[in-house]
Amino acid sequence: MLARPIKNLIRELRKLPGVGEKTATRLALHILTAPPERAENLAHALTEVKERIVPCKECHQLTEDSPCAICASPRRDRTLLCIVEDQVSLISIENSGNFNGLYHVLGGRLSPMDGVGPSSLNIPDIKDRVRNLGVREVILATNPNVDGEATALYIKRLLEGTGAAVTRIARGVPMGGDLEYADSLTLGRAIDGRGTF
Ligand SMILES: [Zn+2]
């Protein structure tokens, strides 16, 4: 029988993505047996991200400064806008090194079944951003699964009349997959080999 505080820790850890009962228990016991400063550092890091990190007012990625370093950089091509579902996809594409434009983080994907419509995501401001930046190409880099495709299609229609070309990453990214799990070389090729959408 586990003590209540341990059970409490396991329950909280289980809420993390990809963490089941076994992993949560192992992590909890690891934290328990580690030196006290390790647990304090972890607790401090958790509090700090929640206090210091804000969404960028332009691209909505999580950042310490708004606008973020990418949006503020004079070296980025402001006429190229890559639309991603989340921060994880942004980091994966950024790590591929094949993209030098700006990003727009949706904060999820459209999923009518789960009640996620355009206004629940960072979709309403895309059109204004495309117009204000004078974007010539929008790359739709939502995940290659049913909801990701539907989201891409919705945004493509939304951008009709803006004059921006709309492309979709394709080659090398497995259907039904998640950008998170694509290696950076594959993702880099997918960016280079994007096609009209
Ligand atoms: Zn930004």
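**View 1. Ala-165 is a partly exposed residue of strand β6.** In this predicted model, Ala-165 has 13 C-beta neighbours inside 10 Å and so counts as partly exposed. The classes rest on C-beta atoms placed from the backbone: a residue is buried with 20 or more others within 10 Å of its own, exposed with 12 or fewer, and partly exposed in between. Leaving aside residues up to four places away in sequence, Ala-165 touches Arg-136 and Glu-137. Contact here means that two C-beta atoms, placed from the backbone, lie within 7 Å. Val-135 sits 30 residues from Ala-165 along the chain, and 8.6 Å separate their C-alpha atoms. Residue numbers start from 1 along each chain as its sequence is written. Local features need pLDDT of at least 70 and side-chain atom pairs count only at pLDDT 80 or more, while totals for chains, interfaces and linings use all residues.

**View 2. Strands β5 and β6 run parallel.** Four bridges join β5 (residues 137-140) to β6 (residues 165-168). Glu-137 has Ala-165 as its bridge partner in β6. Strands pair if DSSP finds at least two bridges between them. Strands are DSSP runs of E with at least two residues, helices are runs of H or I with at least four, and both are numbered from the N terminus.

**View 3. Five strands form an open sheet with mixed pairing.** Their order is β4-β3-β5-β6-β7. The edges are β4 (101-105) and β7 (195-196); each has a single partner strand, so one side of each lacks a neighbour in the sheet. Helix α5 (residues 87-96) packs on the sheet and touches β3 (77-84) and β4. The directions of α5 and β3 make about 130°. Helix α6 (residues 126-133) lies across β3, β4 and β5, at about 165° to β3. Axes are lines fitted to C-alpha atoms, for helices over the stretch in contact, and angles run from 0 to 180 degrees between N-to-C directions.

**View 4. Helices α1 and α2 cross at roughly 125°.** Helix α1 covers residues 4-14 and helix α2 covers residues 21-33. Their axes come within 8 Å. The two helices are therefore oblique to each other. Angles under 35 degrees count as roughly parallel, over 145 as roughly antiparallel, 65 to 115 as roughly perpendicular, and the rest as oblique. The crossing is right-handed, meaning that the near helix is turned clockwise from the far one by less than a right angle. From α1, the residues Ile-6, Leu-9, Ile-10, Leu-13 and Arg-14 meet α2. Their counterparts in α2 include Ala-24, Leu-27, Ala-28 and Ile-31.

**View 5. His-60 and Pro-67 lie in two loops.** Most residues other than glycine have a negative phi, and most peptide bonds are trans. His-60, in the loop between β1 (54-55) and β2, has a positive phi near 75°. His-60 is buried, with 23 other C-beta atoms within 10 Å. Pro-67 belongs to the loop between β2 (62-63) and α4 (69-72). A cis peptide bond joins Ser-66 to Pro-67, with omega about 0°.

**View 6. The protein has domain 1 (4-52) and domain 2 (62-196).** These bounds come from an automatic or database domain assignment. Over C-alpha atoms, the domain centres are 32 Å apart. The protein holds eight helices and seven strands. Its C-alpha trace spans about 65 × 35 × 35 Å along the principal axes. Of the 197 residues, 28% are buried.
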